[in-house]
Amino acid sequence: MEADRAPEEQRSGRTDLFLRHAPAALRLAFLLTGDRALAHDLVQDAFVRLFGRLLHLRNPDAFESYLRQTVVNLSRMHFRRKRVERTYLNREQQRFQEEATSPDLDIREDLWQALLQLPERQRVAIVLHFYEDLSEQQASEVLRCRPGTYRSLVSRGIAQLRATVRGDQDA
């Protein structure tokens with residue numbers, strides 16, 4: 001019978017703690033956040049955290065102090081998380097804007113067609129250089145030529161691409 005009373009007394013004690021300290025905690029949370037709904041959420045989270053540790057408090061009489069510190073910490077964590085989210089969203093927005101300002105698709109298609117018109121070795125050299133980002137040594141090994149020959153292939157290929165694209169722009 002006594003075992004049944006203990007949880008009920010705990011519940012009554014928690015209710016008493018909540019009724020006694022919630023208004024001050026809510027006022028503090030609102031002053032920290034400026035948002036009533038958020039303040040209610042923070043206070044509720046603070047009580048849940050402290051009720052879970054109620055038996056482990058070093059000084060049970062200092063519940064109000066523990067509650068205040070928990071509300072402040074939860075508020076700081078909320079704003080830190082919001083700042084991280086905002087930073088991420090700004091970074092993603094900038095990345096999206098950079099992608100949106102990428103070269104015109106018509107120009108890309110013209111460049112692609114010009115690349116396909118190059119002699120095979122020049123096309124391979126340009127693809128290895130600009131798209132695969134291989135070093136001069138690696139690309140010359142793939143092409144089975146000397147590094148000087150590879151540089152020459154890239155140089156001549158770029159010159160021919162420029163001439164082709166400029167010729168298309170003049171038309």
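I107 sits in helix α4 (helices are DSSP runs of H or I with at least four residues, strands are runs of E with at least two, and both are numbered from the N terminus). At 48% relative accessibility, I107 counts as partly exposed, given that buried means under 20% relative accessible area, exposed means over 50%, and partly exposed is in between, with a 1.4 Å probe and protein chains only. I107 and V165 are 58 residues apart in sequence, yet their C-alpha atoms are 8.7 Å apart in space.

A word on what you're looking at: this is a predicted model, where local features need pLDDT of at least 70 and side-chain atom pairs count only at pLDDT 80 or more, while totals for chains, interfaces and linings use all residues. Residues are numbered from 1 along each chain as its sequence is written, and side-chain values use heavy atoms, with hydrogens and water left out.

**The whole chain**

The chain has seven helices and zero strands, so its pattern along the sequence reads α-α-α-α-α-α-α. Of its 171 residues, 22% count as buried. Taking contacts (heavy atoms within 4.5 Å) between residues at least 6 apart in sequence, 55% join residues at least 24 apart.

S75 gives a local view of this. It lies in helix α3 (residues 63-100), and at 4% relative accessibility S75 counts as buried. Setting aside neighbours within four places in sequence, S75 is in contact with L32, T33 and L42.

**Helix α5 and what follows**

How far apart are the end C-alpha atoms of helix α5? They are 15 Å apart, which agrees with the 16 Å that the 12 residues (120-131) should span at 1.5 Å a residue; the expected span is 1.5 Å times one less than the number of residues. The buried residues of α5 are Q122, A125, I126 and L128. They cover an arc of only 165° around the axis, so they are on the same side of α5 (the arc is that of the directions from the helix axis to the C-beta atoms). The face turned away from that buried side carries the exposed residues E120 and Y131.

Just after α5 comes D133, with a positive phi. Here it is next to R144, another residue other than glycine with a positive phi:

**The largest pocket**

Rolling a probe the size of a water molecule over the atoms shows where empty space is left. The largest pocket has a volume of about 260 Å³. Of the 12 residues that line it, the closest to its centre are L111, I126, F130, Y131 and L161. A pocket here is an open set of points on a 1 Å grid over the protein atoms alone, where a 1.4 Å probe fits, with protein on both sides within 12 Å along at least five of seven lines; lining residues have an atom within 4 Å of a point. Grid points are joined across faces, edges and corners, and the volume is the space filled by probe spheres set on the points.

Which elements give two or more residues to the lining of the largest pocket? They are α4 (105-117), α5 and α7 (147-170), and α4 gives the most, with five residues. The lining divides into 10 nonpolar residues, no polar and two charged. Nonpolar covers Ala, Val, Leu, Ile, Met, Phe, Trp, Tyr, Cys and Pro, charged covers Asp, Glu, Lys and Arg, and the others, Gly among them, count as polar.
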